[in-house]
Amino acid sequence: MSEQTARFVSPEEIVVGEDAVEDAGDRMAARGSRALVVATSGVFGRYGDRLRSSLESAGIETAVFDEVRPDPTVANVRAALERYRDADCDCIVTLGGGSPIDTGKAVGVMAANGGTIRDYAVDRAGYEGVPDPIPPLCAINTTAGTGSEATRSIVITDESTATKFLVVSTEVVPSVAIEDPTLTRSLPPSHTAFTGIDALTHAVEAYVSVQAWSLPDTLARSAIERVGRWLPVSWANGDDLTAREEMLLGQLQAGQAFTNSSVALVHGMARPFGAQLHVPHGLANGVLLPYVMEFSRQGAPKRYAEVARLLDAADDDTPDREAAAAAGPAVRQLCEDISLYGYLSEFAEVPSREAYAGLVGEMAADAVASGSPDNNPRKPTTEEIEQLYMDVYDDVLTEFA
């Protein structure tokens, strides 16, 4: 990065700690007077009263859209926008994980710029294709994985084509991020595992990406170390609020890291893999990550060596190439420690090997088309991506077919 300037983006304010949700009103009072609260029905049922009480105590009127889908669609976003306009809102507060945050960001894009959210997708408008900033948005996290409260990305499903599209712009970064571990206590072990591995994947990919630079590197290293230490603890005991808070911090750092550098091959492969096998995004990342790390380590041995050291799989005296070789197995062990692969029986639809092999060409083409593999330290061919998919099947998936 020495030959060019670099821009680091982040929320204006980050509030961390037990009962931090009760600060939402104070944080938003100077930013708006009528807030659309965006959530899923389940999360709003658990925490909505606490949030509305905080907002209304600060003089902010509230309208509620609690119909967010797990993978929000264009129609889902349009319905939320109608509620925003009907209530004459001027700010947005999201309550939940990546899906409510993405929905809230998308509502903000259309409220400020008009049109449909599809108009601003990277494949139509390019990167930084959102002209005007979204209204003030406060993102209150209830999971510890996506880092969406710190990113310039939106992922929405186009139901007309059954595909996901991406919007990327600094204009959609939330104004306020709130990390309250009491809101993640109800997250079950399965989703603690999925979201935690998602955070680790963000951090590792940000750190080894060809777009990496010093400031995101610092956050990525800290996130890798945090997640490696605290994910098994939060998975084993969801009531451990210290572990829950540490995971919130780790995933926040990972989100800040990758939105200011990039993701790479794992994410390129995970999107079509998850779509074909109906696998949650974090679980897809966790299945693929050790294999991609092993494939990629030749392209950045010093970086992968540092990943291994951060995960206590090597020390400072271990030569870099030997340490780099330990990074992938260390991640695989972490996945096994939280029983990640065991969740495939419940959360994946694994076809026969023959049927899967018939999908691999399409999945590899979709991975390449995403552009994410271009950021990988070792550039894969389409054939190499296909082989990685088959290796994953033979090593991990075959027992669940």
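Trainee: Why does the second largest pocket lie between domain 1 and domain 2?
Mentor: This is a predicted model, in which local features need pLDDT of at least 70 and side-chain atom pairs count only at pLDDT 80 or more, while totals for chains, interfaces and linings use all residues. Residues are numbered from 1 along each chain as its sequence is written, and side-chain values use heavy atoms, without hydrogens and water. The pocket lies between the domains because its lining takes residues from both domain 1 (13–183) and domain 2 (189–397), bounds that come from an automatic or database domain assignment.

Trainee: How much space lies in the second largest pocket, and which residues are closest to its centre?
Mentor: A pocket is an open set of points on a 1 Å grid over the protein atoms alone, with protein on both sides within 12 Å along at least five of seven lines; lining residues have an atom within 4 Å of a point. Points are joined across faces, edges and corners, and the volume is the space filled by probe spheres set on them. The space is about 230 Å³; of 13 lining residues, the closest to the centre are R7, R152, W213, T259 and N260.

Trainee: Which residues line the largest cavity?
Mentor: A cavity is a set of grid points where a 1.4 Å probe fits but cannot get out. The whole structure has two of 30 Å³ or more, and the largest holds about 50 Å³. Its lining is A144, T184, L187, T192, T195, G196, S234, R244 and M247.
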